[in-house]
Amino acid sequence: MSGDRRSRWLVVGKRKAYPSDLTDEQWAVVGPFLAAWKAKHPSVSGHQGRYQLREIVNAIFYQNRTGCQWAYLPHDLPPKSATYYYFALWRDDGTDQTIHDLLRCQAREKAGRAEDPSAVVLDTQSVRAANHVPAATTGKDAAKKVPGRKRGLAVDTLGLIIAVVVMAASATDNQIGVALVDRVVEHTPTVTKAWVDAGFKDDVQIHGAVNGIDVEQVKRSDTKPGFIPVAKRWIVEQVHGTLMLHRRLVREYETRPASSESRTWWASTANLVRRLTGTTTPTWRQPLPHNG
């Protein structure tokens, strides 16, 4: 058994670790950012909290991976009251994206790239909504006939997420593309080039030009049958596929689109810590081992 797989079965505090738990090596990557956050947000009463932040992140990772409801979090993880408190707090103050972006810079440097990219690839994916998701924030994708929400991503050429936008599935790719450009400009002003598919029309190209980004359509050739990876575009499509390993993202369960965006940041953060530490997490698609 590899060291990574073996460490998954070590006891975390007083419990056995779940496959989605942060290993000590992974926590060494994430922990300092949350320790700095905690130092800037001391409790008025001086109380440090009942649950360690590492366990809060473990609970978020567990729910992202398994897709379980809040009430179904295992009893040996922090309960909904604590986990949701931090999830919502970090969503609203931008800590989820801040941690992700700092880790992304490290991953780019490790790959021999500059901290911030100069080019991105944009794409959207429609996701069916659960029946409790408010109708006011959902719609139907006219082209794909999917009722729910649409997730838009901007990723760099390494497949690392730069921006996330979640809207009703009835939103056009143009609407999401314009919003993605705005967020790219806000958080990563070094970007000067963006590749998109044919669904992104002139509005995105014009909006990009106004903001100093050259938006280029990369069209699929229909001369060959079957699946053909399209240059540049395959990168963001691969990221969409990777996100599907997190069951909480396979379907739209969140009441607020902002929570869906936060889920995406945390899923990508989990991928980044594995990339930075050279570790893996067993997927829910892997068969259980046979006892022999």
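## The largest cavity

What volume does the largest cavity have? It comes to about 100 Å³. A cavity here is a set of points on a 1 Å grid over the protein atoms alone where a 1.4 Å probe fits but cannot get out, and a volume is the space filled by probe spheres set on points joined across faces, edges and corners.

This is a predicted model, where local features need pLDDT of at least 70 and side-chain atom pairs count only at pLDDT 80 or more, while totals for chains, interfaces and linings use all residues. Residues are numbered from 1 along each chain as its sequence is written, and side-chain values use heavy atoms, with hydrogens and water left out.

Around the largest cavity sit 14 lining residues (those with an atom within 4 Å of a point). Nearest its centre are Ser20, Phe61, Ala270, Arg274 and Thr281. The largest share of this lining, four residues, comes from α9.

## The second largest cavity

By this rule there are two cavities of 30 Å³ or more. Among the residues lining it are Arg151, Arg248, Glu252 and Arg263.

## An open pocket

A pocket is an open set of points with protein on both sides within 12 Å along at least five of seven lines. The second largest pocket has a volume of about 310 Å³. Of its 19 lining residues, Gly159, Leu160, Thr242, Asn271 and Arg275 are the closest to its centre. Here too α9 gives the largest share of the lining, five residues.

How values were computed:
Helix = DSSP H or I, 4+ residues; strand = E, 2+ residues; numbered from the N terminus.
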